[in-house]
Amino acid sequence: MRNPAAPGAVTESAELVLPLLPPQDLAAVASACRALRAAVTAVTARRAANAARGLEPLPIPFRNCVDSKPYAYFLYTPFSLTRLAPGASAPSAQPWGASWVRPPGPTWPHPNLDGFPSAVCGCACAAAECGGTQCACADVDADAAGPGLEAGMGSLRECGDGCACAPSCGNRRTQRGVAVRLRVVRHLHKGWGLHAAEALGCGQFVCEYAGEFLTTEEARRRHKVYDELASGGKLCPALIVIREHLPSSKACLRVNIDATKVGNVARFINHSCDGGNLHPVLVRSSGSLLPRLCFFAARDIVEGEELTFSYGDARVRPKGLPCFCGSSGCSGVLPSEET
């Protein structure tokens with residue numbers, strides 16, 4: 001005799017477990033029975049509808065007219081996390097694709113970067129007064145429309161965790177998550193790419209490059225592993241190395257951010273040999289030692305346009321992976337460097 005409660009029990013259990021599974025495990029579960037196949041289909045559709053899992057103010061959908069991949073699987077974080085020890089592993093699971101939707105989690109205040117020095121200092125402004133010339137955190141050299149849109153890496157100062165102001169402070173423009181409409185689009189040769197789903201004005205904040213802050217030792221270890229996997233077409237690494245020359249010109253601050261397994265939608269931003277339409281900016285928040293890498297529109301961007309920036313000089317590594325940016329000055333090789 002059939003148990004009429006069985007289908008409901010299967011659905012209820014699936015709702016708890018399936019959102020935690022990676023794609024290969026979902027595919028295995030789907031072959032078990034019709035009820036589970038339907039549940040897996042629903043989870044897959046919800047994943048494809050929002051890469052951000054409800055952790056950003058707006059949904060960021062996937063769109064694929066090239067092949068059968070509905071989405072790219074990774075763990076989402078709206079802000080960078082810390083991995084200090086060599087070989088330290090990232091979280092292994094995160095619910096994605098459940099029928100319930102969590103409210104967007106604020107990206108401020110950021111969690112403490114354990115192991116990295118941090119000073120508890122900042123302004124004492126009221127929320128409505130921050131960002132003015134009297135604010136201790138104000139960047140008086142920043143352009144009113146955007147943080148310097150000249151070629152190269154820009155810089156910007158913002159209020160931080162040690163400040164008295166609220167998250168709504170006008171001098172925290174990069175700390176409230178992805179507030180513009182974006183979508184992740186599948187390309188024939190480049191794979192996934194990030195596109196504007198609305199018109200963006202020159203100087204408008206787009207997103208932060210969030211991932212895992214790594215020590216140089218750990219970054220070098222992962223770089224070797226990623227190179228081997230990428231050369232065989234088994235991985236699309238998203239480890240970025242930023243070098244900032246300090247005022248003394250005698251030292252260089254190196255920041256390693258790996259969004260390969262844990263990151264946000266910035267991991268899908270592709271390279272363009274012509275410099276792209278995004279301007280990378282190092283943003284320093286009061287009280288935090290490490291800067292964050294943020295992207296602003298380098299010019300007016302139309303709806304549907306792919307968002308790109310320059311990864312660096314392709315001549316550093318002439319035998320790198322092929323570049324498909326399509327720009328008139330394309331070198332044919334993706335920039336990469338020995339870490």
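Student: Which residue stands opposite V185 in β5?

Tutor: R63 stands opposite V185. This is a predicted model, in which local features need pLDDT of at least 70, side-chain atom pairs count only at pLDDT 80 or more, and totals for chains, interfaces and linings use all residues. Residues are numbered from 1 along each chain as its sequence is written, and side-chain values use heavy atoms, with hydrogens and water left out.

Student: In what sense do β1 and β5 pair?

Tutor: β1 and β5 (residues 182-187) pair in the parallel sense over two bridges; strands here are DSSP E runs of at least two residues, helices H or I runs of at least four, each numbered from the N terminus, and two strands pair if DSSP finds at least two bridges between them.

Student: And what is the strand order of the open sheet?

Tutor: The order is β1-β5-β6, with mixed pairing across the three strands. β1 (62-63) and β6 (191-196) stand at the edges with a single partner strand each, so one side of each has no neighbour in the sheet.

Student: Switching to α4, which residues are buried?

Tutor: In α4, E218, A219, R222, H223, Y226 and A230 are buried, where buried means under 20% relative accessible area, exposed over 50%, and partly exposed in between (1.4 Å probe, protein chains only). Seen down the axis of α4, these buried residues fall within an arc of 135°, so they line one face of the helix; the arc is that of the directions from the helix axis to the C-beta atoms.

Student: What's exposed on the other side of α4?

Tutor: E217, K224, E228 and S231 are exposed there.

Student: Which residue follows α4?

Tutor: G233 follows α4, and its phi is positive, near 75°.
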